[in-house]
Amino acid sequence: MGDRLYFERFVWFDSQIRKGRYPNATALAKKFEFDVKTAQRSIEHFRDRLGAPLEYAAARRGYSYRDPDFQLPVTHLAENELVALLASRKLLTDAAAGPLGEELGNVSTRLGALLSENLQGKINPEHAFSFRWNGMAASDPLIFQQTVTALLSCRLLTFCYYSPLAGACTARTVEPHHMVNYMGAWHLIAWCRLRNDWRDFHLARVSLAHLEDETFTPRRESAWRPLLDDTFGIFQNRERFEVTIRFTAERARWVRDELWHPDQRLTELETGAVELTLPVSHEAEILMEVLKHGSHAEVMEPDWLRVRIRGEIERMMKKY
């Protein structure tokens with residue numbers, strides 16, 4: 001931890017120089033709450049041991065770089081931090097290489113080379129981690145780029161959105177507020193001006209996107225965050241209800257270790273079975289999840305969801 005905090009001093013000092021703020025020992029001491037002598041020794045270490053081309057500007061009472069192309073050496077990162085970078089890089093590459101396109105590929109290659117140089121071992125770090133996503137729908141790279149630009153610059157985005165339920169496309173103009181990658185697929189949380197309400201747009205269903213010049217004022221996070229956090233899954237409605245699912249003793253051995261939602265409750269039964277209760281706002285996703293477990297799962301509440309699942313099973317039986 002000490003080495004990490006020590007390196008953070010150099011990172012901060014480096015950033016201040018690049019911002020043209022001419023940092024000095026007094027500023028460094030104030031930032032990290034130690035005495036000026038310690039700060040001066042840190043600056044000397046930065047210059048003598050890390051090779052920073054520091055130059056003191058008396059008129060500005062601070063330091064600058066003689067060589068603006070100087071880069072901090074990365075070998076001071078701890079091994080666990082390099083491993084975290086590797087896992088993050090692989091996650092981005094495997095989950096979103098299509099939408100992020102060539103830009104991610106370039107970053108990925110450079111980061112991969114960096115990790116290979118600093119992780120000593122026989123295993124190729126490129127082969128150490130991977131992430132698999134089944135049934136994901138890839139987004140169009142151009143639409144993904146337009147959406148990111150609209151989100152980061154607070155600009156309106158207009159597009160055609162296809163609804164599988166209605167089987168038709170509608171023109172939407174939205175205020176993008178958040179993007180989430182759910183099970184490998186990108187979703188946009190935005191204020192829809194057509195519906196005058198918050199909506200979750202699956203980017204794979206977006207077409208003919210156009211980035212508008214008009215900007216908007218971001219709405220408070222508390223207005224859209226419940227669409228992501230309050231209930232199970234990515235499908236959301238305004239109404240919230242609780243679902244209780246009973247799992248057989250055989251399946252309970254796996255369910256005990258699973259997190260379906262942070263607010264879930266698990267009840268142990270004398271038979272070895274367990275009952276899982278969690279908040280839900282849309283029946284479609286929880287219905288699919290229950291059916292996935294076959295005869296090992298039974299919805300206990302609410303009654304209307306039991307009826308829905310019974311009807312689905314009866315329709316399935318007609319096909320077999």
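Four bridges join strand 9 to strand 10 (residues 274-280), and the two strands run antiparallel. Here strands (E, at least two residues) and helices (H or I, at least four residues) are DSSP runs numbered from the N terminus, and two strands pair if DSSP finds at least two bridges between them. This is a predicted model, in which local features need pLDDT of at least 70, side-chain atom pairs count only at pLDDT 80 or more, and totals for chains, interfaces and linings use all residues. Residues are numbered from 1 along each chain as its sequence is written, and side-chain values use heavy atoms, with hydrogens and water left out.

Within this pair, Arg265 stands opposite Thr277 in strand 10. The open sheet has four strands in the order 9-10-8-11, with antiparallel pairing. Strand 9 (265-268) and strand 11 (297-301) stand at the edges with a single partner strand each, so one side of each has no neighbour in the sheet.

Angles run from 0 to 180 degrees between N-to-C directions, and axes are lines fitted to C-alpha atoms, for helices over the stretch in contact.

| Helix | Strands touched or crossed | Angle |
|---|---|---|
| Helix 9 (residues 283-292) | strand 8 (241-247), strand 10, strand 11 | about 5 degrees with strand 8 |

How do the two helices meet? The axes of helix 9 and helix 10 come within 11 Å and cross at roughly 60 degrees. Among the residues in contact are Ile286 and Leu287 in helix 9 and Trp304 and Leu305 in helix 10.

Notes
Contact = heavy atoms within 4.5 Å.
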